Amino acid sequence: MTVLRVDPSTKVVAGGRVLVGGAPLRVITLSATGARLYAAWAAGAEVGDKPHHRRLAGKLVLAGLVHPGYPEATLTPRDVTAVVPVRDHADRLAALLPCLAGLRETLVIDDGSAVPVPHAVDRHPVPRGPAAARNTGWRKVTTELVAFLDADTRPRPGWLPPLLAQFEDPAVVAVAPRVRSTPGDGALARYERDGSALDMGPVPAQVRPRGRITYLPTAALVVRTSALRAIHGFDEDLRFGEDVDLIWRLVDAGGSVRYEPRSEVAHEPRTTWRAWLGQRYSYGTSAAPLARRHGRRALAPVRVSGWTALAWLALATGRPTAAVAIALGTAALLPRKLAPLGVPAREALGIALRGHLAAGRFLGGALTGAWGPAAVPLLALSRRGRRVLALAYARHLLDWVRTRPDLDPPRWLLARAAADLAYGAGVWRGCLREGEPGPLVPDLSNWPARRPQRSAAVPPRGAAPNGIQP
């Protein structure tokens with residue numbers, strides 16, 4: 001039995017015949033029968049076993065407009081083996097291992113600890129990195145699924161059934177829970193509770209490059225053993241970013257990867273600001289090696305339409321009239337392009353304007369993140385530049401208003417700004433070391449597309465112009 005959960009981004013227009021939503025944003029037309037089916041599914045009806053019903057549901061899931069739910073799972077915890085890499089922190093295992101008692105087996109891999117870790121089934125004589133430790137572990141697994149868990153994680157009660165249920169879809173090869181930082185009293189712990197880089201948020205997602213969620217951390221991840229075998233597991237040459245690489249290779253191999261936030265795993269964050277910033281820096285160094293493996297566009301710091309970038313550039317250089325003219329001019333083209341799909345002009349115009357605003361947020365992220373080590377000092381030298389920086393950093397204050405974390409706005413803003421710069425410094429270091437500029441080069445190739453064609457069926461990619469995408 002399959003039910004569908006509607007994504008918060010999905011809007012129904014044109015009397016139920018057009019769906020708008022997903023990431024990248026899709027505009028999908030439905031036949032009269034398809035519209036009736038969607039309305040029933042959105043109200044909680046089961047998808048059923050009819051082939052054309054399942055095909056329609058599958059296309060909506062792939063577009064990110066809905067998410068599948070399965071009340072029961074065929075697989076059980078006895079079909080899962082946990083692999084736990086650890087190095088020099090044997091004390092953390094004492095709290096983790098009881099959480100894994102119901103699984104078939106737990107394999108602890110000691111990655112070259114100075115003092116051998118108890119309970120380890122294998123030990124590397126010297127540290128080889130988390131990718132190598134996980135490879136050593138999963139290659140010993142005989143169950144259908146392997147659950148990768150870091151030693152500093154703590155699965156919440158009931159964490160596994162929602163993940164197992166997603167494997168009812170045979171195309172699903174990996175599912176991850178929501179990873180949330182453990183509560184604490186210090187400023188860093190309070191920041192991490194709502195600002196952790198490992199927390200992908202409360203909304204489920206189809207995980208893929210250019211999607212709303214592009215990767216998953218392997219701090220907690222359940223994968224089909226056969227899928228790992230097919231792609232030969234983790235790339236041991238990557239000290240950081242091995243989780244991004246794994247997810248993208250699983251997707252490239254034709255697998256479906258899901259994020260399921262109804263399952264939660266707690267994670268112990270770094271305890272000092274220095275260690276925390278070092279972690280962000282290390283994450284940044286992985287961008288260039290990943291760009292070499294997966295293409296520069298996959299790691300571009302920002303992807304927007306050239307027209308959108310031009311509008312924001314005009315605003316940043318003190319030409320607000322030109323910026324508004326470009327934004328409104330390009331937005332005015334969208335209603336005509338989407339008219340064949342039945343999208344009302346007002347809705348199409350709203351999509352375009354929201355897209356311009358979202359693009360500004362992503363440009364601000366690139367300005368203070370990947371480009372930050374060069375852009376922030378240069379912009380800080382002039383009054384106009386400082387205004388641009390204030391606008392870019394304002395997105396963090398908007399996040400504070402939206403999430404209301406247990407941390408005052410100044411410290412939240414400082415932590416976010418420091419994280420941006422640490423990550424950006426890592427990106428620059430990786431680019432210089434690899435001789436790969438890809439993670440610093442914006443992708444402005446998404447210029448407005450040609451007018452889409454009407455289709456009574458569900459088109460596989462009925463997307464609006466790419467300029468409205470992140």
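These entries record what I looked up in a predicted model of one protein.

**Basis.** I number residues from 1 along each chain as its sequence is written, and side-chain values use heavy atoms, with hydrogens and water left out. Because the model is predicted, local features need pLDDT of at least 70 and side-chain atom pairs count only at pLDDT 80 or more, while totals for chains, interfaces and linings use all residues.

**Confidence.** I looked up pLDDT (the predictor's confidence in each residue, from 0 to 100). The protein averages 89, and 94% of the residues score at least 70. Over residues 448-470 pLDDT stays under 50.

**Aromatic rings.** I searched the whole structure for aromatic pairs and found four. Rings of Phe, Tyr and Trp (its six-membered ring) pair if their centres lie within 6.5 Å; planes under 30 degrees apart count as stacked, over 60 as edge-to-face and the rest as tilted. Tyr191 and Trp276 form an edge-to-face pair, 5.4 Å centre to centre with 80° between the planes. Tyr191 is in helix H6 (residues 187-195) and Trp276 in helix H9 (residues 273-285), 85 residues apart; helices are DSSP runs (H or I, at least four residues), numbered from the N terminus. Tyr191 also forms a tilted pair with Trp412, at 5.0 Å and 50°. Trp412 lies in helix H16 (residues 409-434), so this pair ties together parts that are 221 residues apart in sequence. Both Tyr191 and Trp412 are buried (under 20% relative accessible area; exposed is over 50%, partly exposed in between; 1.4 Å probe, protein chains only). Tyr191, Trp273, Trp276 and Trp412 form one aromatic cluster.

**Asn135.** I found Asn135 in helix H4 (residues 130-138). Asn135 counts as buried because its relative accessibility is 0%.

Definitions and conventions:
Contact means heavy atoms within 4.5 Å. Helices (H or I, at least four residues) and strands (E, at least two) are DSSP runs, numbered from the N terminus.
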